[in-house]
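Here's a quick briefing to read alongside the structure. Have a look at the fold first, then work through the points by topic.

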Amino acid sequence: MRRVRAPRRPPRPVLGSPFQISLLACSFALAGYAGVRLLAGDWLGVTLWFVGAALLHDLVLVPLYATADRAVVRALGAAGQRAAVLYVRVPAAFCGLLLLVWFPLIGGRVDRRYESVTGLPATGFAARWLLITAALFGGSALLLVLRGVRERRRRDVR
């Protein structure tokens, strides 16, 4: 005897709880308010800055990221070593993010306002960023070596 299936109902959209919906509505309202306030003074300059940043990222930085990533994958070679690519990607991403956030201080492009506001000198940021970069890549290399040692021990036990 053939079994007859009931027709499927289309899936209901997932809206979330009332708290999530109200939180989302509040975040949209806050973003809208911030956008109106941001564009109130110099809307053309702000718009040009956003468009320029998007174009710089999409047309210049993404091809650079992709090229560097392919070079790392090719340098590490075999398919078994592809997992090791993450040990380069993660510290590179953190170092790039730190450079992006602190670029004016790392590059020495700050004026005296920084020193007058914070009371601290604006020197030494490049050296600190290089030390953090070395520590991140060194720690990542140490983790990669420890992973290799652990995998060798597992193979020897078998």
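This is a predicted model: local features need pLDDT of at least 70, side-chain atom pairs count only at pLDDT 80 or more; totals for chains, interfaces and linings use all residues.

Reading along the sequence, you get the pattern α-α-α-α.

**Overall dimensions**

- The radius of gyration of the protein chain is 25 Å, whereas a compact globule of 158 residues would come in near 15 Å.

**Transmembrane annotation**

- An unreviewed UniProt entry puts the feature "transmembrane region" at residues 21-40, 46-66, 86-106 and 126-146.
- Take residues 46-66: this span is 100% helix and 0% strand, with its end C-alpha atoms 29 Å apart.
- Residues 126-146 are likewise 100% helix and 0% strand, and here the end C-alpha atoms lie 30 Å apart.

**Salt bridges**

- How many salt bridges does the structure hold? There are two.
- One of them pairs R89 with D69, and their closest N and O atoms are 2.6 Å apart.
- That pair ties together distant parts of the chain, 20 residues apart: R89 belongs to helix α2 (residues 86-106), D69 to helix α1 (residues 18-76).
- As a general point, side chains of opposite charge can pair when their charged atoms come close.

**Surface charge**

- Which residues gather in a patch of positive charge on the surface? They are R150, R152, R154, R155 and R158.
- R154, from that patch, sits in helix α4, which runs over residues 125-157.

Definitions and conventions
Residues are numbered from 1 along each chain as its sequence is written. Side-chain values use heavy atoms; hydrogens and water are left out. Patches are made of residues with over 30% relative accessible area and no salt bridge: like charges are joined within 9 Å, nonpolar side chains (Val, Leu, Ile, Met, Phe, Trp, Tyr) within 5 Å. Accessible areas come from the Shrake-Rupley method with a 1.4 Å probe; for residues, only the protein chains shown count as cover. A salt bridge is a side-chain nitrogen of Lys or Arg within 4 Å of a carboxyl oxygen of Asp or Glu. Lys and Arg count as positive and Asp and Glu as negative; His and the chain ends are not counted. The place of a charge is taken as NZ of Lys, CZ of Arg, CG of Asp or CD of Glu. Helices (H or I, at least four residues) and strands (E, at least two) are DSSP runs, numbered from the N terminus. UniProt positions are given in the numbering used here, feature names are shortened, and annotations may be inferred rather than shown by experiment. The radius of gyration is taken over C-alpha atoms; the globule rule is 2.2 Å times the number of residues to the power 0.38.
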